[in-house]
Amino acid sequence: MPLPKAELHLHIEGTLEPELAFALAERNGVELPYADEDALREVYSFSDLQSFLDLYYELMAVLRTEQDFADLADAYLARAAAQGVRHAEIFFDPQAHTSRGVGIGTVVEGLARALDRSEERHGVSTGLILCFLRDEPAESALETLEAARPYLHRIVGVGLDSAEVGNPPAKFRAVYEAAAALGLRRVAHAGEEGPPEYIAEALDVLGVERVDHGLRCMEDPALVERLVRERVPLTLCPLSNVRLRAVEDLAHHPLPAMLDAGLLCTVNSDDPAYFGGYAEDNLRAVRDTLGLSRERLRELARNSFLAAFLDHDEERRAR
Ligand code: ES4
Ligand code: ZN
């Protein structure tokens, strides 16, 4: 039996399995430039973050209706539950849909349809985190937050994702200030491909409570010391790091060194349909390849609940 855990770094669009992509393409009359599921799987070989993002955005063309988003989320929640996930904080990328003419209301209401039934159907509690695309202008992020205003009761926080290098956290200072004023929790991808300075900037300028990835903190001992001292959770995604070549191979993943340093690490699946595994698959891979002890695995599971926004409603009431 997998250990009970929370999943804190999961892009719902990254759970689109080839089978569902083709089913939705047919349902919506969308033509995919791949003959079949096997032909699609063959292009799941990435050289870096951008090569993955190109396919990730391309396949989103099949997501058009509320029901599509509900089916996508329900399929993820069923798989997550089978892997011991009891709580999931789910990223979504509204700009990747609004730019194709799919309204943010369609996205949020569709996802909410599945999330509202998740505890009863799958035994998984949920939260939604709205992510801004960092390779789009800061003004677009502000417009997205504005467009999300009618749905904020459904959203626990904001995040920052997509192409990191050249798009530092400080670019999004204003929208994070606005999000904080609205009572939203804050996270951001930093130090996946970008330098350690982006991690410090996400903390100092954006006020994030968790860092997504944070892998490259290991290049800066003073930053590691700070992250340990301030108990900043890091949401690591080991199989993602291998597939996007942020690490040479799993045997070279810094997770054991990060745990030894006292960092509050969690293990997550990022884009499981693309990177070869869901939450427990990631834990099993690091256990088997890196030889993590049972105590370390229990620590990772415990950390996932410590780092979760499970106190969000109380926090919001206190504001
Ligand atoms: C992402 Cl792995 C990763 N990094 C940055 N942005 C993303 N969006 C979806 N997956
Ligand atoms: Zn991610």
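A: A quick definition to start: two strands count as paired if DSSP finds at least two bridges between them. Keep in mind that this is a predicted model.

With that in hand, look at strand S7 (residues 233-236), which pairs with S8 in the parallel sense over 4 bridges.

Now zoom out to the whole sheet. It's an open sheet of 8 strands, ordered S1-S2-S3-S4-S5-S6-S7-S8, and the pairing is parallel. Strand S1 (5-7) and strand S8 (264-267) are at the edges with a single partner strand each, so one side of each has no neighbour in the sheet. Going from one strand to the next, the twist averages 25°.

Next, the helix side. Helix H9 (residues 173-181) packs on the sheet, where it touches strand S3 (125-133), strand S4 (157-161) and strand S5 (185-190). The direction of H9 makes about 150° with that of S5.

H9 also has a helix partner. The axes of H9 and helix H8 (residues 138-147) come within 8 Å and cross at roughly 20°, so H8 is roughly parallel to H9. Their crossing is left-handed. If you want to pick out the side chains, H8 brings Ala 138, Ala 141, Leu 142 and Leu 145, and these meet Ala 174, Val 175, Ala 178 and Ala 179 of H9. Sorted by type, the residues of this H8 and H9 contact come out as 8 nonpolar, no polar and no charged.

Definitions and conventions: Residues are numbered from 1 along each chain as its sequence is written. Chains are lettered from A and ligands numbered from 1 in the order in which they are written. This is a predicted model: local features need pLDDT of at least 70, side-chain atom pairs count only at pLDDT 80 or more; totals for chains, interfaces and linings use all residues. Helices (H or I, at least four residues) and strands (E, at least two) are DSSP runs, numbered from the N terminus. Axes are lines fitted to C-alpha atoms, for helices over the stretch in contact, and angles run from 0 to 180 degrees between N-to-C directions. Two residues are in contact if their C-beta atoms, placed from the backbone, lie within 7 Å. Angles under 35 degrees count as roughly parallel, over 145 as roughly antiparallel, 65 to 115 as roughly perpendicular and the rest as oblique. A crossing is left-handed if the near helix is turned anticlockwise from the far one by less than a right angle, and right-handed if clockwise. Ala, Val, Leu, Ile, Met, Phe, Trp, Tyr, Cys and Pro count as nonpolar, Asp, Glu, Lys and Arg as charged, and the others, Gly among them, as polar.
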